[in-house]
Amino acid sequence: MGLLKKKDSTSARSSTSPCADLRNAYHNCFNKWYSEKFVKGQWDKEECVAEWKKYRDCLSENLDGKLLTRILEVDGELNPTKQADSKESSS
Amino acid sequence: MVKAYRQEHVYKHPWERVSAASWRKFADPENKRILSHILEVDTLNRKLDTETGKLHTTRALTIHAPGPWFLHRIIGQDICHCVESTVVDGKSRSMQLTTKNISLKKFIEVEERIRYDPHPENPSAWTVCSQETSIRIKPLSALASMAEKVEQKCAEKFMQNSVKGREVMERICKYMEAESARI
């Protein structure tokens, strides 16, 4: 299973993420926004905010903390400038 | 020990469509069968600069990476976590993705950089994708003596998967083209 706290290793192959529905809702919203607005230059406003918040809350409740720390470390390596000017995107 | 590979591919679709397809690449249930090594994709962070039209996104990929038996022995798992960082510049029409592994970092580091840009000869209708993969085995790791072999295997796997990834991208683009024609 994904990033979520491990329950048992046999479930590793299937997508049993408790956030799967919220994730799909967010990704569908994002994809629609991306192709219908963002690429047409309409980026003046954040969208899918409610979907994002619900999904993110679910993730932060279920994410494996140790793994998340490692992810954020690597993300920092990939974007050395991002940390400095990072501001919360939706809350 | 670093191995680097470069590939280029031209999509006969506009950048807007190709970059949108890239977001959908791992999510589509139909593609999941082809790209079956991708188990989960989660968005961890997003940031839109509403002034400049720059979109930063961080996603976590969970990949099923069955390795040779000795890898299993050492690592005890066949699931690999990667972090993918994407910057889309809506103004200049560019998309850059960088993916790195988090799991097994002690042994091996794989970094993949993909760029999607409008094709210089036909910027409104074609998109060029350039992909660079570098694979580095840590010289002091327990795998050092087998490093060459592991690198080779790893590289082969990457090539196979990037061909599959391209097929999926082409399919989504075609689908989106048909979809936009219907509207």
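Helix 1 of chain B (residues 15–24) lies across strand 1, strand 4, strand 5, strand 6 (108–118) and strand 7 (127–137) of chain B, and it runs at about 150° to strand 6 of chain B. This arrangement, like everything described below, belongs to a predicted model. Another helix that lies across strands of chain B comes from chain A: helix 3 of chain A lies across strand 2, strand 3, strand 4 and strand 5 (94–101) of chain B, running at about 40° to strand 4 of chain B.

**The sheet of chain B**

- Seven strands of chain B form an open sheet in the order 1-7-6-5-4-3-2, and their pairing is antiparallel.
- At the edges of this sheet are strand 1 (2–11) and strand 2 (38–49) of chain B, each of which pairs on one side only.
- When direction is ignored, neighbouring strands of the sheet are turned against each other by 15° on average.
- Within the sheet, strand 3 (residues 54–64) and strand 4 (residues 79–89) of chain B pair in the antiparallel sense over 11 bridges, and B:Arg59 has B:Glu84, in strand 4 of chain B, as its bridge partner.

**The nonpolar cores**

- The largest nonpolar core holds 29 residues, of which A:Tyr34, B:Val18, B:Ala21, B:Met169 and B:Cys173 touch the most other members.
- Two or more residues of this core are given by each of several elements, namely helix 1 and helix 2 of chain A together with helix 1, strand 5, strand 6 and helix 4 (147–182) of chain B.
- Helix 1 of chain B provides the largest share of this core, which is five residues.
- If residues up to four places away in sequence are not counted, B:Ala21 touches B:Met169, B:Ile172, B:Cys173 and B:Met176.

**The contact between chain A and chain B**

- Chain A brings 30 residues to the contact, while chain B brings 29 residues.
- On the side of chain A that touches chain B, helix 1 (20–36), helix 2 (49–62) and helix 3 (65–78) of chain A each supply at least two residues.
- By class, the residues on that side of chain A divide into 13 nonpolar, 10 polar and seven charged.

**The build of chain A**

- Chain A has four helices and zero strands, and its pattern, read along the sequence, is α-α-α-α.
- Of the 91 residues in chain A, 29% are buried.
- Among the contacts in chain A with a separation of 6 or more, 65% are between residues 24 or more positions apart.
- Helix 1 and helix 2 of chain A pack at an angle of about 145° with their axes 9 Å apart, and helix 1 of chain A passes helix 2 of chain A in a left-handed crossing.
- To this helix contact, helix 1 of chain A contributes A:Leu22, A:Arg23, A:Ala25, A:Tyr26 and A:Cys29, whereas helix 2 of chain A contributes A:Glu51, A:Trp52, A:Lys54, A:Tyr55 and A:Cys58.
- Sorted by class, the contact of helix 1 of chain A with helix 2 of chain A has seven nonpolar, no polar and three charged residues.

**Individual residues**

- A:Cys48, which is placed in the loop between helix 1 and helix 2 of chain A, has a phi near 60°, a positive value in a residue other than glycine.
- A:Cys48 counts as buried because 20 other C-beta atoms lie within 10 Å, and the cut-off for a buried residue is 20 or more.
- B:Arg93 is found in the loop between strand 4 and strand 5 of chain B, and although B:Arg93 is not a glycine, its phi is positive, at about 55°.
- B:Arg93 has 19 C-beta neighbours inside 10 Å and therefore counts as partly exposed.
- B:Asp49 lies in strand 2 of chain B and is partly exposed, because it has 15 other C-beta atoms within 10 Å.
- B:Asp49 and B:Asp89 are 40 residues apart along the chain, and their C-alpha atoms are separated by 9.8 Å.

Note on methods
Residues numbered from 1 in each chain as written. Chains lettered and ligands numbered in written order. Predicted model: local features only at pLDDT ≥ 70, side-chain atom pairs only at ≥ 80, totals over all residues. Contact = placed C-beta atoms within 7 Å. Nonpolar A, V, L, I, M, F, W, Y, C, P; charged D, E, K, R; others polar. Pairing = 2+ DSSP bridges. Axes fitted to C-alpha atoms, helices over the stretch in contact; angles between N-to-C directions. Core = buried A, V, L, I, M, F, W, Y, C linked by C-beta atoms within 7 Å. Buried ≥ 20, exposed ≤ 12 C-beta atoms within 10 Å, placed from the backbone. Left-handed = near helix turned anticlockwise from the far one by under 90°.
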